Structure formats: structure tokens, C-alpha cells
Amino acid sequence: MHLLYPAVVSALLFSVGVYGVLARRNAILVLMAVELMLNAVNLNLVAFDVFWRDRLHGGQVLTLFTIVIAAAEVGLGLAIVLLVYRNRQMIDVDRLRDLAEDRAPGKALDPPGEATPDWVAEGAS
Amino acid sequence: MTGQEIVFALLGVVAVGSGVLVVTTRQIVHAALWLVVSFGALAGGYLVLTAEFVAWVQVLIYVGAVVVLLLFGIMLTRAPIGAAELDSGNRWAALAVAAGTAAVLVTVVVLGFRGVSAPPKAGGGSAEELGAAVFRTWVLPFEVLSVLLLAALVGAIVLSRSDIGPPEPGHEADRDVHRDGEEDR
């Protein structure tokens, strides 16, 4: 089997994940795109393990470890997302700008006409 | 082009196509369901590559657990069910970055591995082989990983419990009011 097929599929899947991480605004959709990127890496690991006929099966074992780490990551990520939702009533990553550097009033991303949420007022006071 | 390559190419098209649908669909539940299709096609690709144990682990953990967890997250955050605007404002910059990444990676991979091929040997990824590899060679990373899973479990519990944490003097009254308001909703 030609090694080019899994490598190209993996590269395309990774760039699809990059697009998803950058373009989505819902935090759970961002997590899904991260899962796509992790799967692209897994495909690469398995393909090269099979290609090198590794006696120790380092690639496939590392794939299993990556799957476990991805499960832990999505569990913790969802816990954080739920905590953000509990505090802010939204999980829109574009509007979570508390840690942003440019706090100039003209650059606020909040759409005009929207009432300021309670937590903004609390944080300002 | 052998039969194996044809099957893998078809599965790859399905995986990448449903991945594109995951990141472009306007319905958030559909995104999770397309993720199932993408992971399933990748599991098929692992089977073609003779990594059968990894394929079944992929089906069990990704399709069985991770997607269900993501669906739980969608439901618990009361995401808009139905068509909604889910893309952020920097979609075109993201498209440019992703296209650049894809171009660079595919060019490098094609230039590097053009003409390299090896027929996979059956049985290289069976549960017996992988079990021997994990518990002979990679047993220390395996144990470290179990500690990591425990830490992630404890961390998730600590994050999702609301009744623990450092006491905030002076904010107790505020918090009680806030909690009453949440129960009303």
C-alpha cells in the first residue's frame, strides 16, 4: 500500500481541524475540531507504524495513549465549558475577552444594543 | 492501484468530507453526528492498515464515549438546536490559514513520500501483539497514563462541583442571591 494515501488524508484532516478551531465560535465545536486534529495525528502514527513494521509497535501504542489523553482532554474541556456556561450563560469564545489585552472601548466586540451582562458590571466594580 | 488503496482512498474521502461538514454545518447536533461518520471512516482506515485493535478502540472510545460526552455538553449548555450562526467573524482568515496549512503539509508529504510503498502484513496490529508490546516495552508510560487519567477525573469533578472552593469573605450574600436566581430560571 502506498504510504501517500494515509499521509495525505491525515494532512487534509489536520487542516480541516485547524479551520474548525479558528472559525467556530461555539466552544464545544472548537473541541470537536481539536478531536479532528488529534485523529489526523493518530492516522499518521498508525500508518508509519505499519510502514516501518515496528517490532515494538511504538506507533500503535502511542496511538492508544493519544486516544486516552484525548478522552481525558475532552472530559476536562467539557467541565471547563460547563463552568463557563454556569458563570456567563454563554460559551461564545469570541465574547470571552476577559483576558484580552486591548481593552480599548472602541474595540469591544459586543454587538451594539445588547445589554451588558451582570458579570461585566461585577468585574468592573 | 490495488484494492486496498481504493478502499482506503474511499474511506479517506468519507473521513475528510464529513470532517468538513463538522466544521461547516449550521446545526450543532449535526456537527456531532458528522463527527461519528468521520471517526467511523477513520476506524475503517485503521482496519485497512491492519491496525485492528486500534480500530476497535477508536470505535469504542471516540464513537462511543467522546461523541456522547460532546452531545451531553451540547445539551447541558442549551446550545441553539436548529440552524444558527455558529461561525465567528474571522472565518476568511481561518480559511486562509487552513488552506495554507493544507498546501504546505500536502506538498511536503507528496515530495517526501512519493513512490514509497510497502504492503501491510496481516496480524501486525492484533490485540495479542499490542498487548505484549504495551505490557512488556511500554508498561511505564501505561502506568503514568493511568495516573494522568486519575488526575483528569479528579480535576473534572473539582471543576464541575459548585459547592467547593476558597471561601470569599464578603461575597457570601451575593452568591446566595445568585443561586436563588438560578433556581428560579
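In this predicted model, where local features need pLDDT of at least 70, side-chain atom pairs count only at pLDDT 80 or more, and totals for chains, interfaces and linings use all residues, helix 2 (residues 28-48) of chain B packs against helix 3 (residues 52-76) of chain B at an angle of about 175°, with the axes 8 Å apart. Helix 2 of chain B is therefore roughly antiparallel to helix 3 of chain B (angles over 145 degrees count as such). Axes here are lines fitted to C-alpha atoms over the stretch in contact, with angles from 0 to 180 degrees between N-to-C directions, and helices are DSSP runs (H or I, at least four residues) numbered from the N terminus.

Helix 1 (residues 3-24) of chain B comes next. Its buried residues (under 20% relative accessible area, 1.4 Å probe, protein chains only) include B:Phe8, B:Gly12 and B:Val16. They cover an arc of only 170° around the axis, which puts them on the same side of helix 1 of chain B. Their cover includes helix 1 (4-23) and helix 2 (27-52) of chain A together with helix 2 of chain B. The face turned away from this buried side carries B:Leu10 and B:Val13, both exposed (over 50%).

Helix 6 (residues 139-160) of chain B buries B:Leu145, B:Ala152 and B:Ala156. These fall within an arc of 30° seen down the axis, so they line one face of the helix. The buried residues of helix 6 of chain B pack against helix 3 (58-88) of chain A.

Residues are numbered from 1 along each chain as its sequence is written, chains are lettered from A, and side-chain values use heavy atoms, without hydrogens and water.

Notes: Helix = DSSP H or I, 4+ residues; strand = E, 2+ residues; numbered from the N terminus. Parallel < 35°, antiparallel > 145°, perpendicular 65-115°, else oblique. Arc of directions from axis to C-beta. Contact = heavy atoms within 4.5 Å.
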